[in-house]
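Here are my notes for a first look at this model. Please keep the structure open while you read the points.

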Amino acid sequence: MNPIFTPSLHSQRHQFVVDFVRKNKPNKVADLGCGECQLLKQLRFQRSVELLVGVDMNGPKIRKKMHGLAPLSTDYLQPTFHQLRIDLYQGSVTQRDARLRGFDLVTNIELIEHLTLPDLERFSSVVFGYMRPASVIVSTPNSEFNKLFPGLTGFRHSDHKFEWNRSEFRSWALKVCLDYGYEAEFTGVGEAPQEQQESVGFCSQIGVFQRLNVLPDRDEEEVFSYTLVYSVNYPTLRDNNTFIRVLVSEVLYWAEQMKNRWMEETTGGTNYVSPLSQTRQQKQAACTERLDCPGGGEGEERTVSLWINDQEESGTLNRFVVVPLAALWSFCPKIAELSGNLPNLRRLLMDQPKVKLSQDGSSLLVKCQEQEPEQIDSDEEEDEEDASAVQCSQQTEPEEDWEANI
């Protein structure tokens with residue numbers, strides 16, 4: 001059948017569901033008879049969906065395909081605030097399971113024709129009477145269309161127990177609506193040639209059911225008849241550990257970029273200049289160098305002060321470029337989005353071991369290069385000069401000076 005249609009018939013059915021989800025934005029979606037999980041693979045990219053569940057009787061089939069639903073590498077590298085959990089169950093659609101109640105959408109794509117009529121009655125009771133989702137999508141073959149398939153005798157698939165015409169499908173759907181408090185609209189996918197569309201209808205007929213009212217929960221014993229086969233939580237910025245990891249990574253990356261650009265402009269590309277080899281005038285100049293960075297508007301540039309800070313630790317003289325947090329917050333949209341405001345950015349970074357902040361917490365100290373321990377000359381004249389230079393290099397430029405230039 002599929003070569004007759006472009007795109008293929010199963011692709012059109014799945015696209016119908018995807019379009020419905022995009023329009024109605026359900027949070028909890030279940031696909032009954034999920035099979036090889038093809039529809040679930042498409043629905044996981046819909047940002048409104050926070051819980052995605054698949055149910056199928058064929059445990060080996062879903063076990064074979066379940067790892068295709070695992071998060072991609074980009075989901076770990078660039079997580080968003082969207083949260084998603086995917087659960088796969090082995091079980092029958094004729095059995096109740098409390099974990100499937102309260103969903104926004106339940107889909108049944110080419111499923112009901114595989115059920116015997118007694119099982120179809122149980123299916124209706126479970127889905128519409130027990131699960132009671134806000135919306136239900138049911139697709140099933142339209143037998144009137146079969147005459148357009150050359151050489152087809154009987155049903156389209158050997159496992160089909162029935163195939164309904166449009167009137168039979170509508171009759172079943174309206175009875176379900178009357179019994180369980182739903183209303184239905186009818187459409188389909190897989191169009192016939194234009195001159196035959198009215199006489200045979202769509203190849204797959206679709207009923208879209210909408211619940212009319214919310215009934216109070218009945219005091220029933222919870223039943224868990226399905227077996228959980230697979231469950232995965234996608235990384236999300238709503239998880240605090242993930243959020244902090246991403247924020248720190250962004251801060252360190254952009255601080256390093258700003259430091260490198262500043263070093264290129266001020267030292268001709270040299271990443272490290274020995275503090276002891278600089279004159280006092282050079283160090284004073286290093287204190288006041290400014291860096292032009294792209295601003296928020298197109299083609300706009302803002303100026304921010306970066307400066308050198310030398311610190312001696314255990315006989316090692318380390319050199320840092322001081323990058324104001326205000327510069328990172330202003331120039332890096334993702335940092336601003338994650339932190340919300342500058343005081344919150346400072347608070348979030350305060351206790352992070354990978355981040356070295358200035359004493360007042362207003363700036364990030366980015367090391368230029370590891371410096372081998374050097375014995376400081378005890379000569380009185382050099383001591384006096386070094387002390388004067390360190391005083392210059394360690395001074396913190398007044399906050400209003402660099403903020404005025406942002």
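Which residue in strand 5 is the bridge partner of Asn108? Point 4 gives the reply.

1. **Ground rules.** This is a predicted model, in which local features need pLDDT of at least 70, side-chain atom pairs count only at pLDDT 80 or more, and totals for chains, interfaces and linings use all residues. Residues are numbered from 1 along each chain as its sequence is written, and side-chain values use heavy atoms, with hydrogens and water left out.

2. **Overall make-up.** The protein chain holds 14 helices and 13 strands. Helices (H or I, at least four residues) and strands (E, at least two) are DSSP runs, numbered from the N terminus. Of the 406 residues in the chain, 46% are buried. Buried means under 20% relative accessible area, exposed over 50%, and partly exposed in between, with a 1.4 Å probe and protein chains only. Take the contacts in the chain with a separation of 6 or more: residues 24 or more positions apart account for 73% of them. A contact means heavy atoms within 4.5 Å.

3. An open sheet is formed by 8 strands, in the order 6-7-5-4-1-2-3-8, with mixed pairing. Its edge strands are strand 6 and strand 8 (227–233), each pairing on one side only. Neighbouring strands are turned by 15° against each other on average, direction ignored. Two strands pair if DSSP finds at least two bridges between them. Strands of a sheet pair through backbone hydrogen bonds, either parallel or antiparallel.

4. **Strand 4 and its neighbours.** Strand 1 (residues 28–32) runs parallel to strand 4, joined by 4 bridges. Here Ala30 stands opposite Val106, and Leu32 stands opposite Asn108. Strand 4 also pairs with strand 5 in the parallel sense, over 5 bridges. The partner of Asn108 in strand 5 is Val138. The partner of Ile109 there is Ser139.

5. **Strand 5.** Strand 5 and strand 7 run antiparallel and are joined by 7 bridges. In that pairing, Val138 stands opposite Gly207.

6. **Helix 5.** Helix 5 (residues 117–131) lies across strand 1, strand 4, strand 5, strand 6 and strand 7. It runs at about 175° to strand 1. Axes are lines fitted to C-alpha atoms, for helices over the stretch in contact, and angles run from 0 to 180 degrees between N-to-C directions.

7. **Helix 1.** This helix (residues 9–24) has 16 residues. From first C-alpha to last it reaches 23 Å, close to the expected 22 Å; the expected span is 1.5 Å times one less than the number of residues. Its buried residues are Leu9, Arg13, His14, Val17, Val18, Phe20 and Val21. Their cover includes helix 2 (38–43), strand 4, strand 5, strand 6 and strand 7. Just after the helix, Lys25 takes a positive phi of about 50°.

8. **Two residues in one loop.** Asn142 lies in the loop between strand 5 and helix 6. Lys147 has its place in the loop between strand 5 (135–141) and helix 6 (166–180). Asn142 is buried, at a relative accessible area of 0%. Lys147 is exposed, at 63%. Asn142 touches residues including Arg156, Trp164, Val200 and Phe202. The C-alpha atoms of Lys147 and Val200 are separated by 8.8 Å, and the two residues are 53 residues apart along the chain.

9. **His82.** This residue lies in the loop between helix 4 (73–77) and strand 3 (85–90). His82 counts as buried, at 12% relative accessibility. Its side chain makes a polar contact with the side chain of Arg47, at 2.9 Å. A polar contact is a pair of N or O atoms within 3.5 Å; within protein, one must be able to donate a hydrogen and the other to accept it, and residues adjacent in sequence count only if both atoms are side-chain atoms. Not counting residues up to four places away in sequence, His82 touches Arg44, Gln46, Arg47, Val49, Pro235 and Thr236.
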